[in-house]
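Please find below a note on the two-chain model that was sent for comment.

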Amino acid sequence: MNLLEFKDLLFKAGQEHGFTDMELAYEREEKFGCELYKGEIDSYDTSEVFGVAFRGVFNGKMGNSFSEKLDEESIQFLLENAKENSQIVEEENEEIFAGSESYEEGTFYSEPLREVSIPEKMNLLKEIEKYIYEYDERVTGTDYFQLSSAETERALLNSKGLSLQEKQNYLGLYVSVVVKQGDEIKNGAYSKFTKDFESLNPQEIAKQAVEEALSQLGAKSIDSKNYRVLLRHDAAGSLFNTFSPIFSAERTQKGESLLKDKVGEGIAVSTLTIVDDPTLKEGLLSRTFDSEGVATSKRVVVEEGKLVTLLHNQKTAKKEGVQSTGHGYKASYKGTLTVAPTNLFIQPSEKSFEELVASIEEGVLITDLSGLHSGANSVSGDFSVAASGFYIKNGKIETSVNQMTIAGNFFELLNQVEDFGSDLEFAMSFVAPGYIGSPSLIIKELAVTVE
Amino acid sequence: MLSKSVIEDVLNAALETGGDFSEVFVEDRYTNNLSLQGGKVDSSMSGRDFGVGIRIFKGLQSVYAYTTDSSREGLLKAARNAAHAINGERIIQPQAFVNQLVVSEHPIPLNPREVEKIRKVNVMKKAYEIAKNYHSLIQQVTVRYMDEEQNVLIANSEGKFVEDRRVRSRIAIQSIAADGNRMQNGFYGPGAHSGFEFLENLNLEHYATESSRIAVAMLGADPCPSGKFPVIIDNEFGGVIFHEACGHGLEASAVAKNNSVFANRIGEKVASNLVTYIDDGTLQNEWGSINIDDEGEKVGKNVLIENGILKGYLIDKFNSRRMEMPSTGSGRRQNYRFAPTSRMTNTFIAPGASTREEIISNTENGIFARYMGGGQVNPTTGDYNFAVMEAYLVKNGKIDKPVRGATLIGNGPKTLHLVDMVGNNLAHGAGMCGASSGSLPVNVGQPTLRVSEMTVGGRKGEE
């Protein structure tokens, strides 16, 4: 059964069941992924999946359900379960949205990217791999070496006449190289999402990943104490990703974010500006309409240290008497409606990374964080997470450091940012939903413990 | 779920280009996820996942395709897309199916699909009331409930044709204690390979109270000091540390390519004599238990480390080729969207002789990690990190003040040698484990034990 036939049958049966307003959200994704290991194809995946989410108002209350099968049986399943769900949910009501006045034209689909063939993608990996092994004899292998590409299509159809549709595609690359020197084993990674296949330079990618791994060899211990910390853009981005839910109005309304009642107040140093931009051409989460069908637009969330707005969907906006900011979010058709950023980033400044390093008399450079899903508490802002990086002395990177933890509080950290780099990049960290970017940041002080 | 003749055709099409093995995994899964916050149900989602995964091997090459299009044409297209990667001439035909019957070792008296949702809500509300009323500092309690019925069919070109049903239920209670600008979390999430009877028989009083007690205890805690300490890790979910620090390194996905510190070391001493580490997917109705793995192999009890000596690995079908060792029934996947790989089920440190009291009274100056949060490991280096949800200082053989924000870091293989006391109180805790084949229900377990030295990270600095 095709989507429109399915929608017509579903809405008709829904009406007979007693649903007043109804919505069908559809997602379809085609993906390709492959991994290479020492010249051999280690994995090769192709897929085509679709699914639908149903929302419907029954007895004045919203019910949800989803299915990956578009058949008669699923119509019954969707309606009966949504009906039962609507009657047990006690929250204030969501509404089916009739539509925004206008929608931007989305340009998130690259025709040239679609034309890139599977052999071309495999060749890129082979090229990178060749350079990886050539680059240094301490390279022993790769622990992750994968490429993925995806095309997604989503549509939102409802009984109030809204009919929206959007397409997007991207290509992702993740390379992690293992190096060994004596008994010491380290790995270093390169990762990227892009729509521009031509921009991927195999030699450059191999060099970056291998250098990243090699630079960590010869790790030493340093004193455990408070240091000035330079968070490289990727480490800063992954930390920011973990704490990005603090900007959700759903969180503040549930008492789970300390930014409650802080709109209009200073929450960070006056040099810090945070922007959410769903219109970015290269943004992984770019979109013209959110999961409720609300038109999206670029928004400043924190301006010169002051909280300008929280992120809202329709329900949270209604509670506060404001307009939705277009941040209604469902992880997929399987998720219920919540709030999440799109492409959210800290505004960069002019300084190069090298200039930031040179400005530090004594400190620690952090290049990678792990354990963010467990060692960080977005409610209290406290974090204590594993880190890898380097010791900086007299403006120079002196040595790689043994495994560390850095500990602090994110709300305090926002007020302790001393300097920003020009090197804004989006992080491959998805502890919380949102594609999150940051330049490298100098933090006045964090507690560093060294193994 | 799909007719035998369609499956046969798909297995056959998958071998057209020279594959030496093909497999079809069909999944029909029904789930319910409910959430309750501030005493009210704030979301309830029900869904049906239906999809098919097709896998082809040729030597040490593995190809995977999956689709939600379960029509004959859709499946044949997916099989041919995958076969395209192999690019040779047919070498074999699939063998005739031999029906294999699975007798479930995990009785399900009350399938949650047959239970009205309002009964589920009632259990959640009861848990909420207990947790909320524990203390006036409890500001927010969230109770989540999930159940699923996962029906799987696995068929392959070696003649395997087997079906199984897995039913799981879980409740997760999260308490937030707040005082002024400070907030702390407590969490407890018991789950089982069981039906709704698991929740009706569950000691809610215990789990809900513990969740809130942890949050309140940590609210009054000072920041944890940092430095090197002996660390006592309590039983049950404390086992997460060995799950990360050594379990993942024993998975064939890391071992087969020599990317694990445990590769090629069978028969060698890799841990203190006190450490026996076991993965047992057969434990009745436990959260991580299964009858057959997601490659249709019978799950078993695998002794990985015995009295400090490395005995075995967790091996799936594909990695068994590279390692030239048989599958241990450890091929698992989150759903049809993932090719299976070697994963844990219920993994635990076997009990020793000491009592918890003995372990504490033998520790002069250390940390007692009563409840662990989550953690992660880099299987290549063995470096791990963990959050401790509830921690205390130990002074002169006694539990002293609570401390918050503790993180444990270290290196798995080194830590295994430093286990110097193992208790007699083995218990298991439910968790979700994420890796390349997705997020899976697993149990972690251990008795109370002590590691003679671990690096503790905290905000307070060294004492």
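The points below take up the chain contact, the domains of each chain, a helix pair and a sheet.

1. The structure is a predicted model.

2. The contact between the chains. On the side of chain A, 61 residues take part, and they are in contact with 63 residues of chain B. The element of chain A that gives the most to this side is strand β2 (residues 40-58), with 11 residues. Sorted by class, the side of chain A that touches chain B holds 28 polar, 17 nonpolar and 16 charged residues.

3. Strand β3 (residues 61-67) of chain A is joined to strand β2 (residues 40-58) of chain B by four bridges, and the two strands run parallel. Within this pairing, Ser67(A) has Arg48(B) of β2(B) as its bridge partner.

4. Domains of chain A. The assignment divides chain A into domain 1 (111-214) and domain 2 (225-450). Their C-alpha centres are 24 Å apart. The contact between them involves 10 residues of domain 1 of chain A and eight residues of domain 2 of chain A. On the domain 1 side, β5 (163-181) and β6 (184-194) of chain A each supply at least two residues, and β5(A) gives the most, with four residues. This side of domain 1 of chain A comprises five nonpolar, three polar and two charged residues.

5. Domains of chain B. For chain B, the assignment gives domain 1 (4-219) and domain 2 (222-460). The centres of these two domains, taken over C-alpha atoms, are separated by 23 Å. Here 36 residues from domain 1 of chain B and 26 residues from domain 2 of chain B make the contact. Several elements of chain B each supply at least two residues of the domain 1 side, including β1 (21-37), β5 (138-156), β6 (160-179) and α5 (204-219). By class, that side of domain 1 of chain B has 16 nonpolar, 10 polar and 10 charged residues.

6. A helix pair in chain A. How do helices α1 and α2 of chain A cross? The axes of α1 (residues 3-17) and α2 (residues 72-88) come within 10 Å and cross at roughly 40°; the two helices are therefore oblique to each other. The crossing of α1(A) and α2(A) is right-handed. From α1(A), the contact uses Leu9(A), Leu10(A), Ala13(A), Gly14(A) and His17(A), while α2(A) provides Ile75(A), Leu78(A), Leu79(A) and Lys83(A). Six of the contact residues are nonpolar, two are polar and one is charged.

7. The sheet of chain A. Six strands of chain A form an open sheet with mixed pairing, in the order β10-β9-β8-β13-β19-β18. At its edges stand β10 (306-307) and β18 (425-426) of chain A, each with a single partner strand, so one side of each is left without a neighbour in the sheet. Strands β13 (residues 343-346) and β19 (residues 435-438) of chain A pair in the parallel sense over three bridges, and Leu344(A) has Ile436(A) of β19(A) as its bridge partner. Helix α6 (residues 233-243) of chain A packs on this sheet and touches β13, β18 and β19 of chain A. The direction of α6 of chain A makes about 135° with that of β19(A).

Note on methods
Residues are numbered from 1 along each chain as its sequence is written. Chains are lettered from A and ligands numbered from 1 in the order in which they are written. This is a predicted model: local features need pLDDT of at least 70, side-chain atom pairs count only at pLDDT 80 or more; totals for chains, interfaces and linings use all residues. Axes are lines fitted to C-alpha atoms, for helices over the stretch in contact, and angles run from 0 to 180 degrees between N-to-C directions. Angles under 35 degrees count as roughly parallel, over 145 as roughly antiparallel, 65 to 115 as roughly perpendicular and the rest as oblique. A crossing is left-handed if the near helix is turned anticlockwise from the far one by less than a right angle, and right-handed if clockwise. Two residues are in contact if their C-beta atoms, placed from the backbone, lie within 7 Å. Ala, Val, Leu, Ile, Met, Phe, Trp, Tyr, Cys and Pro count as nonpolar, Asp, Glu, Lys and Arg as charged, and the others, Gly among them, as polar. Two strands pair if DSSP finds at least two bridges between them. Domain bounds come from an automatic or database domain assignment.
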